[in-house]
Amino acid sequence: MENQSYKNHARVHPLYHYVLTIFILGSLGTAVTYFIGALIEWRNINLAVVLLLMAGSLVMIFVLVRIYPLKAQDRAIRAEENLRHYVLTGKLLDQRLSARQIVALRFASDEELPALSAKAAENNWSTKKIKKEITNWRGDYYRI
């Protein structure tokens, strides 16, 4: 795998992000079209409602299947980075840092982390700004 940097750190799972997205959106579009057609012709309303509810449920499951693991990963990253900062400095991370900022700080090398986390907390840097300030990138090859 290529070394990570700011330019290539975003991860995509093609089967989920492309194929399944097209299937889910296609199902939703088909269900909406069928529902509108059923309303116009006033036939098969029950079937149209069921299809629309199923497609809507699929969309919600699709979104939740992505959000819940990311939240769990964010919690694990926050704990890991808090421990790493404590090992390096003897202090926990600044409480002003948001979870998203801490997730961005995971890419900083051990040498950069203490100063970068202090600057990020002081200036309330965005995740993009934090990542751009990192000079010695530490890759995260497990998160998708």
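Modeller: One definition to begin with: a residue is called buried under 20% relative accessible area, exposed over 50%, and partly exposed in between. Please also keep in mind that this is a predicted model.

Colleague: Understood. How many salt bridges does the count come to?
Modeller: The count comes to six salt bridges. In one of them, the side chains of R43 and E41 meet at 3.6 Å, N to O.

Colleague: Is E41 buried or exposed?
Modeller: E41 has a relative accessible area of 53%, so it is exposed. R43 is exposed too, with a relative accessible area of 53%.

Colleague: Which side chain does D110 meet in a salt bridge?
Modeller: D110 meets R84, at 2.7 Å from N to O. This pair links distant parts of the chain, 26 residues apart: D110 is in the loop between α3 (99-105) and α4 (113-123), while R84 is in helix α2 (residues 45-89).

Colleague: And how accessible is R84?
Modeller: R84 counts as buried because its relative accessibility is 11%. D110, with a relative accessible area of 36%, is partly exposed.

Colleague: What about R96 and D94?
Modeller: Their side chains form a salt bridge of 2.7 Å, N to O. R96 counts as exposed at 52% relative accessibility, and D94 counts as partly exposed at 28%. Elsewhere, salt bridges with shared partners join E81, R84, D110 and R138 into one network.

Colleague: Changing topic: how many aromatic pairs are found?
Modeller: A search of the whole structure finds two. Y16 and F62 form a stacked pair, with 4.7 Å from centre to centre and 15° between the planes. Y16 lies in helix α1 and F62 in helix α2, 46 residues apart, and the pair links distant parts of the chain. Y16 is buried, at a relative accessible area of 17%, and F62 counts as buried at 16%.

Colleague: Why is the pair of F107 and W137 stacked?
Modeller: The ring centres of F107 and W137 are 4.5 Å apart and the planes are at 20°, so the pair is stacked; planes under 30 degrees apart count as stacked. F107 is in the loop between α3 and α4, and W137 is in the segment after α5 (127-133). Both F107 and W137 are buried.

Colleague: What sits over the ring of W125?
Modeller: The charged end of K129 does, 5.1 Å from the ring centre.

Colleague: Lastly, which residues form the nonpolar patch on the surface?
Modeller: The patch is formed by V12, L15, Y18, V19, L20, I22 and F23, which together have about 690 Å² of accessible area. V12 is in the segment before α1 (14-41) and counts as partly exposed, at 44% relative accessibility.

Note on methods. Residues are numbered from 1 along each chain as its sequence is written. This is a predicted model: local features need pLDDT of at least 70, side-chain atom pairs count only at pLDDT 80 or more; totals for chains, interfaces and linings use all residues. Side-chain values use heavy atoms; hydrogens and water are left out. Patches are made of residues with over 30% relative accessible area and no salt bridge: like charges are joined within 9 Å, nonpolar side chains (Val, Leu, Ile, Met, Phe, Trp, Tyr) within 5 Å. Accessible areas come from the Shrake-Rupley method with a 1.4 Å probe; for residues, only the protein chains shown count as cover. A salt bridge is a side-chain nitrogen of Lys or Arg within 4 Å of a carboxyl oxygen of Asp or Glu. Helices (H or I, at least four residues) and strands (E, at least two) are DSSP runs, numbered from the N terminus. Buried means under 20% relative accessible area, exposed over 50%, partly exposed in between (1.4 Å probe, protein chains only). Rings of Phe, Tyr and Trp (its six-membered ring) pair if their centres lie within 6.5 Å; planes under 30 degrees apart count as stacked, over 60 as edge-to-face and the rest as tilted. A charge sits over a ring if NZ of Lys or CZ of Arg is within 6 Å of the ring centre and within 35 degrees of the ring normal.
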